[in-house]
Each structure stands twice: as C-alpha cells, then as structure tokens.
Amino acid sequence: ALQKAKKDNKPGSIEKNWMPEICTTCTTCSDCVPLDTFHPFSNTSINGTSSRIIAQYNEEVVRIYVVNNRAIRFLPISINKVYPKLLRYVFKRCEIQLITRENFKGLFNLEKIKLSGNQIESIESGSFNDQIELKELDLSSNKLKYFNEDLLINQKKLRIIDLAENQLKTLSQKLFIDKKNLKKIDLRLNS
C-alpha cells in the first residue's frame, strides 16, 4: 500500500507543495508517486464497462497511473467528475479490452494517454473527441486491427502516436490531416 514519506523539517529546508507517497507494493513504478497522482492499490479490479472511480472531487490530481494490474479489464468512466484537471492517463500492462466514448469524456486537458501492453481490440468512434490538448497517444502492444480515421480528428497538437505491435493492416491518410505538430508515428511490428 502507499505510505507517506517523512517530511524534512530541518531549518532552512525547502517546503514542497506536495508530499511524495512511496509505493511499497509495486516494483515497476518510480521511487515515489506524488500526491497529484491517482495510483490505486495493486488488488484493485475493474470488471465492467460502467465502473467508476469512487473518490472525492479533486482538481489537484493531474495523473492516473496504473501499471501491471491484470485485474483491470476495462477503463473507468466519468473520471472527469472526480479528477477534471487530468493531464496524464496511464493504464499500462493491464487487461483492458476496449475503449469507449465514456472513458475519456470531459477530460479536455489530457496531454498524454498511455495504454500500451493491454488487450485492446476496439476503440469506439469519438472516444478521443474531447482531448483537444492531446500531444502523445500510446496504444502499442495491443490487439488493434482497425484504427478509424475519425478517432483523432480534434487532436491538432498531437506530436507522437505509437501504434506499434498491433494487428493493423492499413491506416487512412485522413488520420493525419491537420497534424502539423506530428513528429513520430510508430507502426513497427503490425500485420
């Protein structure tokens, strides 16, 4: 579980605006997770498409970080009602199967979405419509066969898209229209 690190109360020490939490159950995260990050316990599970995060409204949480949790098969919905200021959304190496419109609805500030190493086979049309600030999208190492051309229609600031290690056969050129900031497209090891 998460434990608070001890605060340095030495005279003249610099007071930080957040206290780190040290993860004692996960071996893959960095040494500490700041308080502005939602990091669930390792035994958390999400088994339905209408699951929600039950927490108090908190504008200070700007990251969701979930790694190596095979009990999570679906992304939670209505996160914007709990953490409306999210900038980063990470669910890596879980068992996520699909992405729906409800998963990212109202998360207008998201800059990074990392969903690599899951089992994602489909993404509902319009799933990323609200992510107008999106700069990085990582869907590598999934089971995607199709990537609809309208999925990134509002993402003018997109710089990196990683679709490596999926089962994609073709991508529409329309997917990249108005993507002047796009620097990297990774399509390695697709069908």
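**Close-up views of a predicted model**

**View 1. Asn-68 in the loop between strand 4 and strand 5.** In this predicted model, Asn-68 is found in the loop that runs between strand 4 (63-67) and strand 5 (88-92). Although Asn-68 is not a glycine, its phi is positive, at about 55 degrees. Asn-68 counts as partly exposed because its relative accessibility is 37%.

**View 2. Asp-178 in the loop between strand 10 and strand 11.** Asp-178 is placed in the loop between strand 10 (160-162) and strand 11 (184-186). This residue, likewise not a glycine, has a positive phi of about 65 degrees. With a relative accessible area of 43%, Asp-178 is partly exposed.

**View 3. Asp-186 and its contacts.** Asp-186 lies in strand 11. Its relative accessible area is 7%, under the 20% limit, and Asp-186 is therefore buried. When neighbours within four places in sequence are left aside, Asp-186 is in contact with Ile-161, Asp-162, Leu-163 and Ala-164.

**View 4. The largest nonpolar core.** This core has 36 residues. Those with the most contacts inside it are Tyr-89, Phe-91, Phe-104, Leu-115, Leu-137, Leu-139 and Phe-147. Strand 4 and strand 5 are the elements that give two or more residues to this core. Not counting residues up to four places away in sequence, Phe-104 touches Leu-75, Tyr-89, Ile-99, Leu-110, Ile-113, Leu-115, Ser-127, Phe-128, Asp-130 and Gln-131.

**View 5. The salt bridge of Glu-95 with Arg-70.** Side chains of opposite charge can pair when their charged atoms come close. In the pair formed by Glu-95 and Arg-70, the closest N and O atoms are 3.2 Å apart. The pair links distant parts of the chain, 25 residues apart: Glu-95 is in the loop between strand 5 and strand 6 (98-99), and Arg-70 is in the loop between strand 4 and strand 5. Glu-95 is partly exposed, at 24% relative accessibility, and Arg-70 is also partly exposed, at 45%.

**View 6. Further salt bridges.** The count of salt bridges comes to ten. One of them joins the side chains of Glu-102 and Lys-105, at 3.8 Å from N to O. Glu-102 is partly exposed, with a relative accessible area of 34%, as is Lys-105, at 45%. Glu-149 forms a salt bridge with Lys-174, with the closest N and O atoms 3.8 Å apart. This pair links distant parts of the chain, from the loop between strand 9 (136-138) and strand 10, which holds Glu-149, to the loop between strand 10 and strand 11, which holds Lys-174.

Methods:
Residues numbered from 1 in each chain as written. Predicted model: local features only at pLDDT ≥ 70, side-chain atom pairs only at ≥ 80, totals over all residues. Heavy atoms only, no water. Helix = DSSP H or I, 4+ residues; strand = E, 2+ residues; numbered from the N terminus. Buried < 20%, exposed > 50% of the residue type's maximum accessible area, 1.4 Å probe, protein only. Contact = heavy atoms within 4.5 Å. Core = buried A, V, L, I, M, F, W, Y, C linked by side-chain atoms within 4.5 Å. Salt bridge = Lys/Arg side-chain N within 4 Å of Asp/Glu carboxyl O.
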